[in-house]
Amino acid sequence: MFRQYCVRVVLICAAAIVSVSGVSAQSKIGVINIQRALIETAEIKKAQGELEARFKPRTTDLENLQRELQELQAKLQKPGLSPADQQDVTATGQRKQREMTRKEEDLRADVERERNEILQRAGQRMTDVVKKLADEKGLDVVVDVTTTVFYKAALELTNDAVVAYDKTFPVK
């Protein structure tokens, strides 16, 4: 009796396994380098150029401050400078160093804030493009290459995503 029961359970389990494996379809997977895809879009390239142009005056100002500091340092190295003049040059150098540090921090924060806004907007757009691309190619899953140990090159969608993004969001 117990033996018959065990045989029935084994047969039922075997039938379930056969039916499940017959029903399950093979998943289609795509791989993308999302960071490279974003960087290669025309929109990001244009935004990079605009950021550089917008912050160029502030960068030039920092370069000028750096030159002034070097000139003050050279002045301190020259012999024959009176103690009062040395004190004056040192105080000017310290003031300019503080000014430069403050301007560098402000510039870095402003650039980072704008860059993050641009990347966040483009990242959301890229996600939408990848979803549409996955639907068109009949993919079930798309994973990022940075977290993938191995994949076949044929699975990569990065170039397709860049082309689709540029087509969907053309740069004016």
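Arginine 102 has a relative accessible area of 45%, so it is partly exposed, a class that lies between buried, under 20%, and exposed, over 50%, as computed with a 1.4 Å probe on protein chains only. This is a predicted model, in which local features need pLDDT of at least 70 and side-chain atom pairs count only at pLDDT 80 or more, while totals for chains, interfaces and linings use all residues. Residues are numbered from 1 along each chain as its sequence is written, and side-chain values use heavy atoms, with hydrogens and water left out.

The side chain of arginine 102 meets that of aspartate 106 in a salt bridge, at 3.9 Å from N to O, where a salt bridge means a side-chain nitrogen of Lys or Arg within 4 Å of a carboxyl oxygen of Asp or Glu. Helices here are DSSP runs (H or I, at least four residues), numbered from the N terminus.

By this rule there are 14 salt bridges. One of them joins arginine 125 to glutamate 43, with the closest N and O atoms 3.0 Å apart; since arginine 125 lies in helix H4 and glutamate 43 in helix H3, the pair ties together parts that are 82 residues apart in sequence. Arginine 125 is partly exposed at 26%, whereas glutamate 43 is buried at 12%.

Glutamate 68 and lysine 96 form another salt bridge, at 2.6 Å from N to O, and this pair, too, ties helix H3 to helix H4, across 28 residues in sequence. Lysine 96 is buried, at 17%, and glutamate 68 is partly exposed, at 30%.

Which residues line the second largest pocket? Among them are Glu43, Arg125, Lys46 and Phe169, a lining residue being one with an atom within 4 Å of a pocket point; on a 1 Å grid over the protein atoms alone, a pocket is an open set of points where a 1.4 Å probe fits, with protein on both sides within 12 Å along at least five of seven lines. H3 gives the most to this lining, with five residues.

Finally, threonine 41, in the loop between helix H2 (34-39) and helix H3 (42-77), is buried, with a relative accessible area of 0%.

Conventions:
Helices (H or I, at least four residues) and strands (E, at least two) are DSSP runs, numbered from the N terminus.
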